[in-house]
Amino acid sequence: MLLSSRTPRTAALLAAGASVVLLAAAAPQSATPLGIGDRLFPHLGNPGYDVRSYDIAFTYGGDNSKPLSAVTSIDARATAPLDRINLDFSHGTVRSVEVNGSPAHFATSDEDLIVTPDRAVEPGQPLRITVRHTSDPAPGKEETGWVRTKDGLAMANQADAAHRVFPCNDHPADKAYFTFRVTAPKGLQAVANGLPVTTKRAGATTSWVYRTAHPMATELAQVSIGRSAVLHQKGPHGLPMRDVVPAKDTKVLRPWLAKTPGQIAWMESKVGRYPFENYGLLIAEASTGFELETQTLSLFEREVFTRPEYPKWYVESIMVHELAHQWFGDSVSPRTWSDLWLNEGHATWYEALYTEEKAHAPIEKRMRNAYSASDRWRAAGGPPAAPKGPTHGEKISIFRPVVYDGSALVLYALRQEIGKDAFGQLERAWVSTHRDSTATTDDFVTLASQISGRDLTGFFQAWLYGEKTPPMPGHPDWKVEPVQKSQPVRKSQSAQK
């Protein structure tokens with residue numbers, strides 16, 4: 001994700017929130033929220049099962065202020081004995097729940113939907129959970145999953161807002177395949193992650209089905225509904241590309257969209273083949289304050305491409321940032337949210353490298369500036385791989401400068417330490433080894449040590465976990481600005497996501 005730098009990089013996600021409304025009897029025992037113990041989001045995700053796939057159906061009535069009717073079916077496998085099943089869900093009305101075809105009791109606690117099946121589920125047993133519910137785009141007190149656009153809706157679920165749209169195991173550690181079924185009034189266009197399967201018109205409505213060919217984290221789900229044009233082109237190796245733009249803006253946006261195939265080819269020259277079935281841009285007429293790497297269909301604000309004061313190199317760097325995430329964050333997803341630096345540090349790195357090569361803006365200058373500010377960023381947000389938790393009521397506040405340029409600085413230091421050739425080999429090996437999976441900081445340290453032929457544990461310990469920024473290899477003259485202890489450093493939400 002890229003938080004806007006158009007105002008001094010302090011934009012935040014739209015706020016929204018509400019509790020789940022229950023229309024059935026509560027479970028006979030008190031409901032308790034669970035989590036998988038993520039250091040930054042301890043109640044996110046749920047133990048005891050592994051989701052294999054989601055099948056989510058939305059019916060949109062044409063008014064983006066009203067709830068959508070929805071059915072979410074989850075295919076999973078139990079990994080532990082379960083007399084109750086916790087799902088993350090917090091912004092809709094639950095009408096009924098079935099487990100393996102039988103009605104189940106349900107209740108809520110905090111942001112969990114707790115389901116009690118009629119019989120306990122044993123380890124290894126298939127688990128099919130069907131929830132009939134609504135999905136409410138109305139704003140409230142928490143960060144939203146739905147974004148209301150001028151002509152419809154889009155999704156923005158990072159870091160933990162997918163469960164505001166549909167019941168799920170809302171943590172990137174549990175990736176799954178997705179099928180989306182969207183029904184909307186005639187005249188609107190619905191698009192989702194993955195490839196189109198069918199389109200059917202019936203009377204005054206049209207229904208679309210989309211399916212992913214690769215597993216996806218819930219935070220990367222995308223459904224767009226609006227008066228959109230879908231534009232097609234080919235990328236490298238015949239890669240199918242589809243861009244979704246406001247229909248009235250097709251002419252002005254086409255020149256920007258034409259740049260994407262070359263950007264993909266550039267990224268492939270650095271890290272290898274694009275990892276998914278298709279790619280494109282979703283350009284929404286909405287004021288969000290961010291751009292987002294939703295899988296195969298990156299979300300952008302329309303104004304990024306239409307405001308004349310933005311230099312072309314700047315707009316392209318934003319495009320490359322979100323494109324780089326398709327490898328770093330989407331294909332290779334973080335095992336925990338403390339591994340966020342692997343997403344944002346890499347996306348920032350390739351954004352900066354692209355700008356150096358295409359706009360002659362030296363990456364060394366950018367990294368020297370980052371080095372100067374690094375201790376300040378660490379004091380405000382923690383070290384890159386041990387970030388401080390989110391500010392109360394501001395969950396996206398984990399996206400601080402230290403995980404952007406502060407983490408790209410770690411990659412620059414690594415390249416200085418092991419050399420360009422080994423660094424390039426590491427980058428390619430990282431995305432190929434962990435493709436369609438999740439990985440940790442320790443995994444990156446291990447692979448870097450193997451490829452460089454030396455133990456880099458101490459190097460990474462200092463750069464990723466140290467309170468102070470270590471000396472920069474090859475640049476003994478680089479200096480860090482001192483942190484003014486008499487003036488507490490404010491936590492910043494400005495950076496690139």
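Asparagine 100 lies in the loop between strand E7 (93–99) and strand E8 (102–103). This is a predicted model. Its largest nonpolar core has 148 residues. A search of the whole structure finds four cavities of 30 Å³ or more. The structure also holds 26 aromatic pairs.

**Backbone features**

- Asparagine 100 is not a glycine, yet its phi is positive, at about 50 degrees.
- Histidine 360 is another non-glycine residue with a positive phi, here about 55 degrees.
- The loop between H5 and helix H6 (363–381) holds histidine 360.
- Histidine 360 has a relative accessible area of 68%, which means it is exposed.
- The peptide bond between glutamine 158 and alanine 159 is cis, with omega at about 10 degrees.
- Alanine 159 sits in the loop between strand E14 (153–155) and strand E15 (177–185).

**Nonpolar core**

- Phe58 and Phe305 have the most contacts inside the largest core.
- Helix H5 (residues 340–359) gives this core its largest share, nine residues.
- Beyond its neighbours within four places in sequence, phenylalanine 305 touches Leu253, Trp256, Leu281, Ile283, Phe300, Val315 and Met319.
- In soluble globular proteins, nonpolar side chains tend to be buried together.

**Aromatic pairs**

- The structure has 26 aromatic pairs. In the pair of tyrosine 274 and tryptophan 327, the ring centres are 5.6 Å apart and the planes meet at 85 degrees, so the arrangement is edge-to-face.
- This pair links distant parts of the chain, 53 residues apart. Tyrosine 274 is in the loop between helix H2 (260–271) and strand E22 (281–284). Tryptophan 327 is in the loop between helix H4 (312–325) and strand E25 (332–334).
- Both tyrosine 274 and tryptophan 327 are buried.
- One aromatic cluster is formed by Trp341, Trp349, Tyr371, Tyr412, Phe423, Trp430, Phe444, Phe459, Phe460, Trp463 and Trp478.

**Largest cavity**

- The volume of the largest cavity is about 80 Å³.
- Its lining is made of Thr149, Asp151, Ser224, Ile225, Gly226, Ser228, Val245, Pro246, Leu282, Ile283, Ala284 and Glu285.
- Strand E19 (223–226), strand E21 (240–246) and E22 each contribute at least two lining residues.
- By class, six residues of this lining are nonpolar, four polar and two charged.
- Ile283 is among the lining residues, and Ile283 is also in contact with phenylalanine 305.

**Second largest cavity**

- The second largest cavity has a volume of about 50 Å³.
- Lining it are Phe328, Gly329, Val332, Ser333, Pro334, Asp339, Leu342, Asn343, His346, Trp430 and Ala439.
- E25 and H5 each provide at least two residues of this lining.
- The lining divides into six nonpolar, four polar and one charged residues.
- Trp430 is one of the lining residues, and Trp430 also belongs to the aromatic cluster.

**An exposed loop residue**

- Serine 287 is in the loop between E22 and strand E23 (290–291).
- Serine 287 has 66% relative accessibility and therefore counts as exposed.
- Arginine 148 and serine 287 are 139 residues apart in sequence, while their C-alpha atoms are 9.2 Å apart in space.

Note on methods. Residues are numbered from 1 along each chain as its sequence is written. This is a predicted model: local features need pLDDT of at least 70, side-chain atom pairs count only at pLDDT 80 or more; totals for chains, interfaces and linings use all residues. Side-chain values use heavy atoms; hydrogens and water are left out. A nonpolar core is a set of buried Ala, Val, Leu, Ile, Met, Phe, Trp, Tyr and Cys residues joined through side-chain atoms within 4.5 Å. Buried means under 20% relative accessible area, exposed over 50%, partly exposed in between (1.4 Å probe, protein chains only). Helices (H or I, at least four residues) and strands (E, at least two) are DSSP runs, numbered from the N terminus. Contact means heavy atoms within 4.5 Å. Rings of Phe, Tyr and Trp (its six-membered ring) pair if their centres lie within 6.5 Å; planes under 30 degrees apart count as stacked, over 60 as edge-to-face and the rest as tilted. On a 1 Å grid over the protein atoms alone, a cavity is a set of points where a 1.4 Å probe fits but cannot get out, and a pocket is an open set with protein on both sides within 12 Å along at least five of seven lines; lining residues have an atom within 4 Å of a point. Grid points are joined across faces, edges and corners, and a volume is the space filled by probe spheres set on the points. Ala, Val, Leu, Ile, Met, Phe, Trp, Tyr, Cys and Pro count as nonpolar, Asp, Glu, Lys and Arg as charged, and the others, Gly among them, as polar.
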